[in-house]
Amino acid sequence: MSPIYYDLSEQFLSSGVKFKYYGIARTVMEVGYELARSPADVRFVVFSPAHDRFFEVEPNIGSASETGVCDPNIPVEAKPMRLRYSFPEPHWLRDALYPLVSTIMKRICLRRWRRAIPEGSLREVDLSGQIFVSLGRPKMMADYLVALDKQNIRPRFYPLIHDMIPLHEFAHPRQSMFARNFAHDNGIVISHAEKVMTNSRFTKSEIEKFSASGHLPDIPPIVPVPLPHELRPTDEAVDVDVPDTPYFLGVGVMTGRKNLECILQAMLHLHDTGRPVPLFVLAGAHRKRTVSHLDKPELAPIKDKVRLILNPNQASLRLLYQKARALIIPSHMEGFGLPLGEALWLGTPGLSATAPALREVGKDLAEYFDPNDPKALAALIDKMHTDPAAYAAAKDKILRNHSSLRTWNNVATDIIATVSAGSTKA
């Protein structure tokens, strides 16, 4: 089989603590780790906006990586400034200024690259006709696809799309710029793809729906490649103090779609009805809106029961899962839902909203509640907190079914099988 070129641009273009361990960057690095260890001929590349070309890199793997998993092995000082390569609609002033701004930005990016990367140490790669796999964000994929089009470079492109959530906002009369850009970027990605992979069956159905509605172009074959439950151990030092008292855990839960409001209202209901209110640990990136929400007067009775842990590394996250009474994931919608899978992998019960993708992840191993019903969540929290028999039964069920859970190796193997099968657009 021809070599597979795997895209690490997500990590290179988003270098920094915020993107080390979470979301799409996490998926990119975990699959990169498995592909590096696979017998397949996999080569790793990053896109340089300074050159509008791809370069082959030799990633750091495992303990050699700053993440403990995988990184592209490029100095953070080379991280470029980013400017969109295309827009969903014309704008006279922006379009007039764009050539000048773009030229200045490229010069800055090139200066950073040359200062951080020895000349000739990275080999430029021509991806024409090559199998090219990307799990990054659509806006980054769209940029380099536009750049390659201008050079008449057309790889055999296999993207993995993570969700269509912003397009639900797109359908509203007051369309946001983010939603328009998201639709535009995904349109470019899909129109260039030989085959599209998705992180869940739910995301596949979403792409089909929005293509049929005209928000996205006609689609090539779509293959679900579900993400895993596995949270691998790393060599990092644990950098958090885990509470001694029983606690429930949320990972990356915010207000809005992620529905932190439901958890806090459930805790208030427990307080108001005289039931014990457990500690709730919220792990993830710093969000001003989360802090502001917790300062609301109506949450004063339970505010001291909420503890924020910022940016835990992977070793710390594993320990937080393992010591938690249960994970709570109350999202109205997800493309997949890694925290639920990770909790189950480590034997921790999951209390999950009934979003379709979360049901794919949790199967019959999680306990489910309506994300619009805080009282239902309160009842589940109370059961896991105060009923030892129910808690033990939930733990035992997960343990007995652990062999059914997916690994990152399963994901990498499925990706290799998908691109090996080949396809042409229908």
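Trainee: By class, how many nonpolar, polar and charged residues does the lining of the second largest cavity have?

Mentor: Keep in mind from the start that this is a predicted model. The second largest cavity has a volume of about 60 Å³, and among the residues that line it are Leu13, Phe47, Met140 and Asp143. Sorted by class, that lining comes to seven nonpolar, no polar and two charged residues.

Trainee: What is the volume of the largest cavity, and which residues line it?

Mentor: The count comes to three cavities of 30 Å³ or more, and the largest of them has a volume of about 80 Å³. Its lining has seven nonpolar, one polar and two charged residues by class. The residues in question are Pro49, Met81, Arg82, Leu83, Tyr85, Tyr98, Ser102, Met105, Lys106 and Cys109.

Trainee: Which residues of helix H11 are buried?

Mentor: A residue counts as buried when its relative accessible area is under 20%. Just after H11, Gly347 takes a positive phi of about 80 degrees. The buried residues of the helix itself are Leu338, Pro339, Leu340, Gly341, Glu342, Ala343, Leu344 and Trp345.

Trainee: Which residue in strand S8 stands opposite Ile131?

Mentor: Strand S8 covers residues 156-161, and five of its six residues are buried, so the strand is largely enclosed by the rest of the structure. Four bridges join S8 to strand S7, residues 131-134, and the two strands run parallel. In S8, the residue that stands opposite Ile131 is Arg156.

Trainee: Is Lys375 buried or exposed, and what is its relative accessible area?

Mentor: Lys375 lies in helix H13, which takes in residues 374-386. Since the cut-off for an exposed residue is over 50%, Lys375 counts as exposed, with a relative accessible area of 55%.

Trainee: What is the phi of Asn73, which is not a glycine?

Mentor: Begin with the place of Asn73, which is found in the loop between strand S5, residues 70-71, and helix H3, residues 92-116. With a relative accessible area of 41%, Asn73 is partly exposed. Although Asn73 is not a glycine, its phi is positive, at about 65 degrees.

Trainee: Where does Lys363 lie, and what is its relative accessible area?

Mentor: Lys363 is a residue other than glycine with a positive phi, near 50 degrees. Its place is the loop between helix H12, residues 356-362, and strand S16, residues 367-369. Lys363 is partly exposed, and its relative accessible area is 38%.

Key. Residues numbered from 1 in each chain as written. Predicted model: local features only at pLDDT ≥ 70, side-chain atom pairs only at ≥ 80, totals over all residues. Heavy atoms only, no water. 1 Å grid on protein atoms, 1.4 Å probe; cavity = no way out; pocket = protein on both sides within 12 Å on 5 of 7 lines; lining within 4 Å. Points joined across faces, edges and corners; volume = space filled by probe spheres on them. Nonpolar A, V, L, I, M, F, W, Y, C, P; charged D, E, K, R; others polar. Buried < 20%, exposed > 50% of the residue type's maximum accessible area, 1.4 Å probe, protein only. Pairing = 2+ DSSP bridges.
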